[in-house]
Each structure stands twice: as structure tokens, then as C-alpha cells.
Amino acid sequence: LMTAAINTMGDSIEQSGIEDVVEHIADVWLYLGDHAATSGEEIGKAMQKASASATEFGMSFEWLGTYIAVVSEQTRQAPEAIGNAFNTMMARMHQIKAKGFNDEDTTKLNDVAKALATINVELMDDGQWRAMSDIYSDIAEKWGEMDAKQRGYIATTMAGTRQYNNLLALFDGWDKYNTALETSRNATGTLQKQQDTYMESVGAHIKQLDTEWEDLYKSLLKAEDI
């Protein structure tokens, strides 16, 4: 799971070092797991399925993790299913970007641009495809203003008929996790905090056990005196 996540980190490994990157990955997974009805392990498993496609589209590790956490809580699907869903959605966009259309349902580049234009969201910027995370953020800002028909139209065009429910789940749960979108900053130290909590808990149990043994020992000594 760590290897798949590390592959999404790009230049961060050279800049920060592998140990810091691994700690950051664990921090983000645990932070998101704590803020959603999911877990760091589930997020990692889903990411394993989707990280390659997300990386090709320039999607950061933190963004992908947040998307997975939101959909995981909204749908409670198996993490592998969520990862495959994002992989499929990204592959769809890759194909439209590279070929101008999607083989599965013949959705064209212009179809995507037209759908986004209905809510005043741009697909391209100076002739270049915008970052998918920026497009998603712009859609999310408009989501509350859209009716069910508009939402279905956008989701189907972007994700296809097989995965549009997962994209709907992402945007439906977006506002609740607005604070989680700053995961790179907010997650720092989560692993250490949980480790400290665990050690304090273990330490307390050991101390309690020591006290119980001491009481038992004293009881046995009194019994011998009697």
C-alpha cells in the first residue's frame, strides 16, 4: 500500500526524503480515516487501485485520498471497488483527452466541455486541459445550485453510466469534508498522536496490572501470616 502511495508523491521524495514521505502518507491516511466513516487502511487499499491513473492526470496524493475518504463514507463500498471506480473515471478522462472521445459511449471532448459550460466551469485553460482536482473543485462549488437533472448530466458525462453514482457521492459529500481538503497541513503529526495514545493506553494497562499483582502479593503475605 505504501509503495502505491509513494508512486503518487513525485518529486516530494527527492525533496523530503523517503522517511518523511512515508510518515506523511501514514498521517494523511489516519487523518482522513478519523474524519470519515472509513479507515486509513481502506483508503490505502483504494488508493492502490487508483494511484497510477491519478498520477498520470497530475492529481496529488492528498486530493486522491480525500476523494476516496468522501466516497467511502457516502457509499461504504469495499475499498477495492472505490479504487477501481476512480481508476475507471480517470481512464475515461485520459482517453477523451488523448483521443478526443471515449470508446465506451462515444462521449467526445466537446461533450465534456459543453456539459461543464452549463455551470460555467472551464475544461481547458489556454488550450491546455485543466488539472482534474481544479475541475472537481469548481463543480463542487456549483453543486448546491444545481437540480437533480443537472447533477445527473454532469456526473454521467464526466464518469460514464457505470460510475456516475460514485461521482455523485463525491460531490454530495463534499461540503462535509471541506476541512479535510487541507490534508497536507492538517494531517501532520496524526501518526505520532495515535501512537502516543496507544502507548499511554498500553502503559496504563501495564501499570494497572502491576498494581493488581502487588495487591495480590500483599494478600498472599497476609494469608501466610495468619
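Me: What makes the span of helix H9 (residues 148–159) close to the expected one?

Reply: In this predicted model, H9 has 12 residues and reaches 16 Å from its first C-alpha to its last, close to the 16 Å expected at 1.5 Å a residue, where the expected span is 1.5 Å times one less than the number of residues. Helices here are DSSP runs of H or I with at least four residues, numbered from the N terminus. Because the model is predicted, local features need pLDDT of at least 70 and side-chain atom pairs count only at pLDDT 80 or more, while totals for chains, interfaces and linings use all residues. Residues are numbered from 1 along each chain as its sequence is written, and side-chain values use heavy atoms, with hydrogens and water left out.

Me: Which residues of H9 are called buried, and what covers them?

Reply: The buried residues (under 20% relative accessible area, with a 1.4 Å probe and protein chains only) are Ile154, Ala155, Thr157, Met158 and Ala159. Their cover, counted by contact (heavy atoms within 4.5 Å), includes helix H6 (79–99), helix H7 (109–117), helix H8 (132–143) and helix H10 (164–172).

Me: Why is H3 called roughly parallel to H5?

Reply: The axes of helix H3 (residues 18–35) and helix H5 (residues 61–75), lines fitted to C-alpha atoms over the stretch in contact, come within 10 Å and cross at roughly 25°. Angles under 35 degrees count as roughly parallel, and therefore H3 is roughly parallel to H5. Where they meet, His24, Ile25, Val28, Trp29 and Leu32 in H3 face Phe61, Glu62, Gly65, Thr66 and Ala69 in H5.

Methods:
Helices (H or I, at least four residues) and strands (E, at least two) are DSSP runs, numbered from the N terminus. Buried means under 20% relative accessible area, exposed over 50%, partly exposed in between (1.4 Å probe, protein chains only). Axes are lines fitted to C-alpha atoms, for helices over the stretch in contact, and angles run from 0 to 180 degrees between N-to-C directions. Angles under 35 degrees count as roughly parallel, over 145 as roughly antiparallel, 65 to 115 as roughly perpendicular and the rest as oblique.
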